[in-house]
Every structure is written in C-alpha cells, then in structure tokens.
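Hello,

Here is the structure I promised to pass on. Have a look at it first, and then read on for what turned up.

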Amino acid sequence: MIIPSMLSADPTKLGDELIRVSNSGADAIHWDIMDGSFVEAITFGHHIISAHRKLSNLRFDVHLMIEDPEKHLKNFSTAGADVIIVHAETCKHIHRIINDIKSFGKKSGIALNPATSIDSIKYCIDILDMILVMGVNPGNSGQNFIKSQLNKISDLRKILPPETEICIDGGVTDVTIKDCTKCGANSFVSGSYVFQSEDYSSAIQKLKENC
Ligand code: DX5
Ligand code: ZN
C-alpha cells in the first residue's frame, strides 16, 4: 500500500490535493496531527479531518504526534479516522489505549520513534493492527531515511502475525522502499516524494514498482 501524507500537500488547497491524490492510485491517506508539544509543529485538528472526509473514499490513517492522545481518540474517531495511530512514547498505558481505539470500531496502530525499541509493544502484538515504524524523527517531511530502522522492520516481521501491517513513515523514496520491502514492510507513507512530483500517478506507480 502507498499512503500519501497530507502534510506535504499544498496547504492552500488541501481539498483539491486530497481529491487529486485519491484519484492517482493512492491506497489510503495519512494525516499527520502535531500538537506543538510532542513535536514542534502544529498541524491539523479533528475538524480538518471531518471536513475532508466526504472528499475521498480511501482509508484515513490518523497519526497522532500529540501528548495525552487518549483525550482525543473520540474526536478523531467521530471525524472519520479509520486507523488511529498513537506514539508509544506518549502512552502511559499502551495496552489500554489500543483497546480504547478498538472500542470505537477503528483499527489501532502504534508508532515507534527511531530510538524506541520494539520491546515496548511486544506484549500488545495480539491486539494491534499496525506498527508504524518511523523512518525519521517525527515532526517534518523531507528528511532522509534512517538506515538502522531496517533492523527494526526485520525484527518486527519475525514476531508479528502476517496480517499485521508494518507501515514505514518518513524518508520513503523509490530507493529506500526496496530495502524496507525486503525486510518485511508492507505499507508506506509518502509525503514529499509524491507531493513534490509533477505527476502524482507516476510517482505512486514508481513506488509500487519498487516494492
Ligand atoms: C513525519 C511525518 C511523516 C511525513 C513524511 O513526522 O510523520 O508522515 O509526512 O514525509 P516524507 O515522506 O517527506 O518523509
Ligand atoms: Zn506520519
């Protein structure tokens, strides 16, 4: 799956960008929610998600780079998220929050920063739908993929059931996607690679050809 991140879309025409990328072969849409605390930037709130929900039928993955994510699950669920991803580093009660996400009828994901070990989620694997392996430190698009994360992908693939999605977020290009795929990743967020291209369909197609 190739999942464009709206963080890299033109912010003056988000709706048009969403429609365009949804019609260009994207498999899902990734929304980067930043609170100015866990990461420096502040991006989209749940009203932005609900306003855009009707413009695309694709799966909406909501990546919460925010402190106290448990306070915001209901709003993002109601807004139209299909997958809600929280950071292991922000959760005091990871197992509980995964179950809370599932209680809203949503798929659950846990994101791991580059320095975070897979040990933090080892005992939650049976209730997780997705692990989001950060290929960069969170906060910005357009950074280079951190190669040590390839070992993390391989280690995860060994312990996860085949149906659990390993999604890579950050630094995904037509080059880095190859090694990530070899290590066992099966979905890929793409911000700058897709949105900085002239032709979104060709960029998404090129990513698919390389994985
Ligand atoms: C980084 C975000 C990513 C970002 C990826 O904090 O979580 O989703 O948009 O952008 P690229 O693909 O440009 O690295
Ligand atoms: Zn993201």
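Which residue forms a salt bridge with Arg59, and how far apart are the closest N and O atoms? Please keep in mind that this is a predicted model. The partner is Glu165, and the closest N and O atoms are 3.0 Å apart. Arg59 belongs to strand S3 and Glu165 to strand S7, so this pair ties together parts that lie 106 residues apart in sequence. Arg59 is buried, at a relative accessible area of 18%, and Glu165 counts as buried too, at 12%.

Two others may interest you:

- Lys102 and Asp129 meet through their side chains at 3.0 Å, N to O. This pair links distant parts of the chain, with Lys102 in helix H4 (residues 94-103) and Asp129 in the loop between S5 and S6, 27 residues apart. Lys102 counts as partly exposed at 32% relative accessibility, as does Asp129 at 23%.
- Lys206 and Asp174 form a salt bridge at 3.3 Å, N to O. Here Lys206 sits in helix H8 (residues 200-209) and Asp174 in the loop between S7 and H6, 32 residues apart. Lys206 is partly exposed, with a relative accessible area of 39%, whereas Asp174 is buried at 17%.

Next, helix H5. Within this helix (residues 149-159), the buried residues are Gln149, Leu150, Lys152, Ile153 and Leu156. They span an arc of only 155 degrees around the axis, which places them on the same side of H5. Asn151 and Lys158, on the other side of the helix, are exposed. What covers the buried residues of H5 includes strands S5 (107-112), S6 (130-134) and S7 (165-169), along with helix H6 (176-183).

The largest pocket has a volume of about 320 Å³. It is lined by 28 residues, of which Ser141, Gly142, Gly170, Gly171 and Gly191 are the closest to its centre. Strands S2 (28-34), S3 (59-65) and S8 (187-190) and helix H7 (192-195) are the elements that give two or more residues to the lining. By type, the lining divides into 16 polar, ten nonpolar and two charged residues.

Best wishes

Technical notes
Residues numbered from 1 in each chain as written. Chains lettered and ligands numbered in written order. Predicted model: local features only at pLDDT ≥ 70, side-chain atom pairs only at ≥ 80, totals over all residues. Heavy atoms only, no water. Buried < 20%, exposed > 50% of the residue type's maximum accessible area, 1.4 Å probe, protein only. Helix = DSSP H or I, 4+ residues; strand = E, 2+ residues; numbered from the N terminus. Arc of directions from axis to C-beta. Contact = heavy atoms within 4.5 Å. 1 Å grid on protein atoms, 1.4 Å probe; cavity = no way out; pocket = protein on both sides within 12 Å on 5 of 7 lines; lining within 4 Å. Points joined across faces, edges and corners; volume = space filled by probe spheres on them. Nonpolar A, V, L, I, M, F, W, Y, C, P; charged D, E, K, R; others polar. Salt bridge = Lys/Arg side-chain N within 4 Å of Asp/Glu carboxyl O.
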